[in-house]
Amino acid sequence: MKKDLLLFTGFSTLVMLAPQLFSGGYLMNVLVFVGINTMLAIALNLLLGYAGQISLGHAGFFGLGAYLSGILTTTYSLNPWVAMPTAAIVVGFLAGIIGFPILKLKGHYLAMATLGLGIIIFIVFNETVELTGGPSGLSGIPNLKLAGISFDSDVKNYYLIWGFTLAVMLFSLNLSNSRIGRALRAVHDSEVAAQVLGVNARLLKVQIFALSAVISSLAGSLYAHTMTFVSPASFGFNFSIELLTMVVIGGLGSIYGSFLGAALLTLLPEFLRGANDYDIIIYGGLLMVMVMYMPGGLVRGIPALFRKIVVKGKAGNA
Amino acid sequence: MQFDQILQYVLSGLSTGAIYALIGIGFSIIYNATGIINFAQGEFVMLGGLLTLSCLELLKLPLWAAIPCAIAVSTVVGILFERLAIRPLKQPTPINLVIITIGGSILIRGLAMLVWGKDTHAIPPFSGDTPIAIGGATILPQHLWILAITLIIILINKVYFYHTISGKAMRACSYNRRAAGLVGIDVRRMVLFSFIISSAMGAVAGIIVAPLTMIAYDVGVMLGLKGFCAAIIGGMSSGVSTVIGGLILGVLESLGAGLISSGYKDAIAFIILLLILFIRPQGLFGKADSERV
């Protein structure tokens, strides 16, 4: 427990010092995205890594948060600080309702159903033009303001986003070490066994699904208020797959792994500028290679690889 | 007037439905032999169409030679996919299988983008495009090709699964893999067979639909999902119920697009998918004894 606290303190200090170490608005902007994607990856990881329930529609919840925030603050001129929790509650409620029938499904069927759900949400974003602006998007979403500070620059946004990201991380770390976290892992390993031991697996799965949707919605709202513009293209099926890739690469069931996966997949396209369109080949390849050779993700795979090399090296020397 | 219009929607819906049925049967065959939902199924449809295009334009083959050539190459991709991605998997849990077939589908799609670019391509129809009048509606010769070829493939399937040793062995695997292994059936070979059959069928679907709807590197996603939807309606059977599922889906979609809104056309399939999964996960015609939920 003490080690966990130390790790988290170290991590957050590093995060808070980063703007001092790196300068340049562009990098800050990229790091803002790393923060948002970390939140999303953690949200999906709570569901997939801890509870063992796949979702291929999480971009939909992310989009719902972004659009609800956007619509409430532009069309209905609500304060962003009111719009954000409102969006989160609505999305959580919707996820709770749809969660009961959808989480009755397992494995492949759950994957297909959540995928379908994500695509339906995406189509709604595109088609309800008078509400969402349709494919051309929704613009003029206000920035968040706090105590006279308007979060309108990359550095300010960095602190805002990472403040939320760290809070989500801390919450998730606590959750995974709590009774609920253990119950979730029990459901992951065997739903029947968990139920025999008195875990209400069905309710728990729906609760974690709703929680995951709420975190995604929060990330969506923050995205809308920092970008001040949203369009359906950001919330399609491909983004759901990208989130899945982040979680799998980082490591299922590891909060820091989600950060690692999110950071890697957000920074990777920046290094591959020339190969812009071909990044999907890399995603596909990465997904396959990780599942085949490093099913624990980078967080477990790299130390294991390191040990292997060191042990082999020593054996070679002796 | 109104009736003619509806007839028109139904007729064009039937031919798209036949395509969904072919793709859906591909899903079912692999699912029944292995328990895997192959998320890459739609990519073979795309490959079939685009490979035919290359055979026609690059190799200057006539259509009757281009088609088997395209099917053969797609099938090789299917074999490679099974050998390189599915078989070596150390922990074949459902989630790992979902992720690896998704990874495979993205990879195949990306490579197709490299080879054929992002443009939409057209293949000439098999026998001209003079419309044929039926009642007050008209259909294209290609519609008839689609229906006829689908029918033939379904008949071949029927013969294979019920009248050949390897087809019967495959059915045995779908009932119980371990028991099939115990009576001397090489289950892994049957898994490979199932990938061969479904990638070939997917390719055929792509080839016959391409003259009608155009083809591009990214059509596989939607077609694959619709095919899966057909299979779900049919209760993951590799026979008639999936065909009916595909036809129902095609007609509903076409009617919905015509009478309600074309923007929501794709949503119709997914709403049906969700409703079936929620209410009748065993399919419209299945008995409620299967353990699919």
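Chain A of this predicted model has 14 helices and four strands, where helices (H or I, at least four residues) and strands (E, at least two) are DSSP runs numbered from the N terminus. The radius of gyration of chain A is 20 Å, close to the 20 Å that the globule rule gives for 318 residues, so chain A is as compact as a globular protein of that length. That radius is taken over C-alpha atoms, and the rule is 2.2 Å times the number of residues to the power 0.38. Residues are numbered from 1 along each chain as its sequence is written, while chains are lettered from A and ligands numbered from 1 in the order in which they are written. In this predicted model, local features need pLDDT of at least 70 and side-chain atom pairs count only at pLDDT 80 or more, whereas totals for chains, interfaces and linings use all residues.

**Confidence in chain A**

- The mean pLDDT (the predictor's confidence in each residue, from 0 to 100) is 84 for chain A, and 95% of its residues reach 70 or more.
- Within chain A, confidence is highest in helix α3 (residues 58-74), at a mean of 92, and lowest in strand β3 (residues 149-150), at 74.
- Where pLDDT is low, the predicted coordinates should not be read in detail.

- The C-alpha trace of chain A spans about 70 × 50 × 40 Å along its principal axes.
- Of its 318 residues, 50% count as buried; a residue is buried if 20 or more other C-beta atoms lie within 10 Å of its own, exposed if 12 or fewer, and partly exposed in between, with C-beta atoms placed from the backbone.
- Among contacts in chain A with a separation of 6 or more, 77% come from residues 24 or more positions apart; two residues are in contact if their C-beta atoms, placed from the backbone, lie within 7 Å.
- Helix α7 (residues 154-176) of chain A has 23 residues and reaches 32 Å from its first C-alpha to its last, close to the 33 Å expected at 1.5 Å a residue; the expected span is 1.5 Å times one less than the number of residues.
- The buried residues of α7(A) include Y158(A), I161(A), W162(A), T165(A), V168(A) and M169(A).

**Chain B up close**

- Chain B has eleven helices and two strands, and from the N terminus on its elements run α-α-α-α-β-β-α-α-α-α-α-α-α.
- A compact globule of 293 residues would have a radius of gyration near 19 Å, and chain B agrees with 19 Å.
- Its C-alpha atoms fill a box of roughly 60 × 50 × 35 Å, taken along the principal axes, and 49% of its 293 residues count as buried.
- Helix α2 (residues 41-57) of chain B has 17 residues that should span 24 Å at 1.5 Å a residue, and its end C-alpha atoms are 25 Å apart, which agrees.
- α2(B) is mostly covered, with 14 of its 17 residues buried.

**Where the chains meet**

- The contact takes 33 residues from chain A and 36 residues from chain B.
- On the side of chain B that touches chain A, α4 (94-116), α9 (219-233) and α11 (265-279) of chain B are the elements that give two or more residues.
- The most comes from α4(B), with 16 residues.
- That side of chain B divides into 27 nonpolar, six polar and three charged residues; Ala, Val, Leu, Ile, Met, Phe, Trp, Tyr, Cys and Pro count as nonpolar, Asp, Glu, Lys and Arg as charged, and the others, Gly among them, as polar.

**The largest nonpolar core**

- Of the 193 residues in this core, M39(A), L287(A), C229(B) and L273(B) touch the most other members; a nonpolar core is a set of buried Ala, Val, Leu, Ile, Met, Phe, Trp, Tyr and Cys residues joined through C-beta atoms within 7 Å.
- Helix α10 (residues 201-227) of chain A gives the most to this core, with 16 residues.
- Not counting residues up to four places away in sequence, L287(A) touches T245(A), V248(A), I99(B), I102(B), G103(B) and I106(B).
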